Amino acid sequence: MNPTKAGAGLELSVLSDAEFESFSLNHPQNNFIQSADFTRFQRARGQSVELFGVRRDGDLVAAGKLNFTTNRWGYTVCECAKGPLLDYTDAALVRDVVGLLKERAAERKAAELRISPNLTYIARDADGAEHPEIVDNRPLVAELAGLGLEHQGSDMNFANVNWMFIKQLGGITDAEELIMGTSYRTRKAIRKAEKNGVFLEQATLETLDEFYDALSTAGDEKGFFYREREYYDQLLRTTSAEFTKLMMAKIDIPAYRKSITERLEAESASAAELRREVEETGSKKKANRLKVVQDLVDSYERSLKDIERFPDSVGVATVAAIHFVCFGDEVVCVIGGTKQDYIYFNGATSLYWGMMLHGLDKGYSRYNFYGTFGIQGQDEEGHGGYEFKKGFGGDVVQLLGDFVMPVRPVAFQANRLVRAAIAAARTLLGKLPLKRQA
């Protein structure tokens with residue numbers, strides 16, 4: 001593409017992967033969608049991707065990744081998801097960049113332009129309550145509307161995630177401080193998993209089947225969407241080992257059974273000795289200690305009973321699998337879950353905790369639990385997942401969301417009418433009786 005110029009000496013042109021990576025990695029709005037790694041992956045998947053930069057007097061002041069998608073009717077969308085990356089407090093810059101992007105979309109015969117800035121809409125706390133005194137970007141929504149970008153609302157978007165739960169890692173000095181920032185229940189689950197020998201492993205091309213079996217099983221059981229195996233294969237082949245982390249939580253069943261049995265025998269012996277001493281001396285101190293030890297004995301007996309269905313022949317079992325991405329300032333938990341049969345081992349808890357430690361060790365400033373819903377109440381779908389994330393500490397983060405601008409107004413309006421008609425037909429069909437009434 002030839003450089004496109006706008007007012008104030010701005011010029012839009014294609015960037016190399018290296019130029020784009022340097023800008024995006026160091027930008028305060030950095031995110032994995034707007035990265036060179038993800039760009040390589042999408043290109044390998046056959047997607048039409050373009051990296052653009054906007055220069056002012058030779059200096060890059062904005063950049064982003066554009067995806068061009070065309071449906072079977074020839075309708076093309078130009079989208080800059082989680083971007084563009086620029087200073088949105090500079091109204092003139094925002095206006096000119098939007099104008100340049102509209103021109104570029106028109107050059108590529110796109111009927112509409114979509115953007116979704118990686119910015120907070122209104123600051124929220126852990127319970128989802130609004131705190132506009134901290135951050136309030138509602139004026140920006142109005143500003144973008146004035147440029148012809150229609151806000152698509154604030155409902156949860158599962159494709160271009162706009163509701164998240166994020167824990168800040170900046171300022172936390174060590175693992176002890178990190179774990180003390182979690183709830184009592186979460187700390188207990190973390191320590192139980194560690195004590196029981198749950199360990200983490202990063203999947204490679206050679207072990208991808210193990211990861212995918214656990215991910216797909218959890219997805220089928222919980223009803224969440226997961227990609228086909230080829231998607232994860234392509235990720236491993238086109239992105240770095242730090243960017244794509246397909247993580248598995250595992251347990252060695254024979255070793256676990258042996259450990260629990262040994263602990264049960266040791267505590268049973270202690271309980272027998274304490275019981276004898278209490279009978280002989282009547283010591284209240286010993287009696288209290290006996291109660292604690294007996295509770296441990298009961299716990300180990302329950303643990304052994306819980307794993308009776310897992311014979312030693314199972315060997316090492318993959319109990320949970322989660323796809324993580326590490327880029328810029330954050331570790332992102334994209335998708336994953338625990339196999340229901342192995343939920344006892346707290347695999348997802350171990351994975352979350354292990355990647356938090358990784359983030360702390362590598363200097364990432366945020367741990368992003370990503371798509372989060374069910375925030376308003378326990379009767380909402382997804383509330384259990386939200387409460388689980390909340391146990392690790394953090395806040396609800398609501399992004400600005402999607403904005404759409406017509407580029408070819410006639411085609412844009414025709415597409416809207418077609419989509420509305422299809423939606424209405426589906427609604428009508430859903431209301432029709434399955435059988436003809438007698």
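Biologist: Which residue forms a salt bridge with Arg237, and how far apart are the closest N and O atoms?

Modeller: Let's start with the general idea. Side chains of opposite charge can pair when their charged atoms come close. The rule used here asks for a side-chain nitrogen of Lys or Arg within 4 Å of a carboxyl oxygen of Asp or Glu. In this structure Asp233 is the partner of Arg237, with 2.6 Å between the closest N and O atoms. Keep in mind that this is a predicted model, where local features need pLDDT of at least 70 and side-chain atom pairs count only at pLDDT 80 or more, while totals for chains, interfaces and linings use all residues. Residues are numbered from 1 along each chain as its sequence is written, and side-chain values use heavy atoms, with hydrogens and water left out.

Biologist: Where do Asp233 and Arg237 lie?

Modeller: Both are in helix H8 (residues 229–238), four residues apart, which is about one turn of the helix. Helices here are DSSP runs of H or I with at least four residues, strands are runs of E with at least two, and both are numbered from the N terminus.

Biologist: Is Asp233 buried or exposed?

Modeller: For that, look at relative accessible area: buried means under 20%, exposed over 50%, and partly exposed in between, using a 1.4 Å probe and protein chains only. Asp233 is buried at 9%, whereas Arg237 is exposed at 55%.

Biologist: How many salt bridges are there by this rule?

Modeller: The count comes to 30. One of them joins the side chains of Asp17 and Arg43, at 3.0 Å from N to O. That pair links distant parts of the chain, since Asp17 sits in helix H1 (residues 17–25) and Arg43 in helix H2 (residues 36–44), 26 residues apart. Asp17 is partly exposed at 23%, and Arg43 is partly exposed at 37%.

Biologist: What does Asp312 pair with?

Modeller: Asp312 has a salt bridge with Arg257, the closest N and O atoms being 2.3 Å apart. Asp312 lies in the loop between helix H10 (284–306) and strand S13 (316–327), and Arg257 in helix H9 (residues 253–281), so the pair ties together parts that are 55 residues apart in sequence.

Biologist: Now for a helix. Which residues of H6 are buried?

Modeller: Thr186, Arg187, Ala189, Ile190 and Ala193. They are on the same side of H6, because they cover an arc of only 165° around the axis; that arc is taken from the directions from the helix axis to the C-beta atoms. The face turned away from this buried side carries the exposed residues Tyr184, Arg185, Lys188 and Lys195.

Biologist: What do the buried residues of H6 pack against?

Modeller: Helix H5 (175–179) and helix H11 (347–362), where contact means heavy atoms within 4.5 Å. After H6 comes Gly197, with a positive phi near 90°.

Biologist: Which residues form a nonpolar patch on the surface?

Modeller: Trp73, Val418 and Ile422, with about 310 Å² of accessible area together. Patch residues have over 30% relative accessible area and no salt bridge; like charges are joined within 9 Å, and nonpolar side chains (Val, Leu, Ile, Met, Phe, Trp, Tyr) within 5 Å. Ile422 belongs to helix H13 (residues 409–431) and is partly exposed at 34%.

Technical notes
Areas by Shrake-Rupley, 256 points an atom, 1.4 Å probe, with all protein chains shown as cover.
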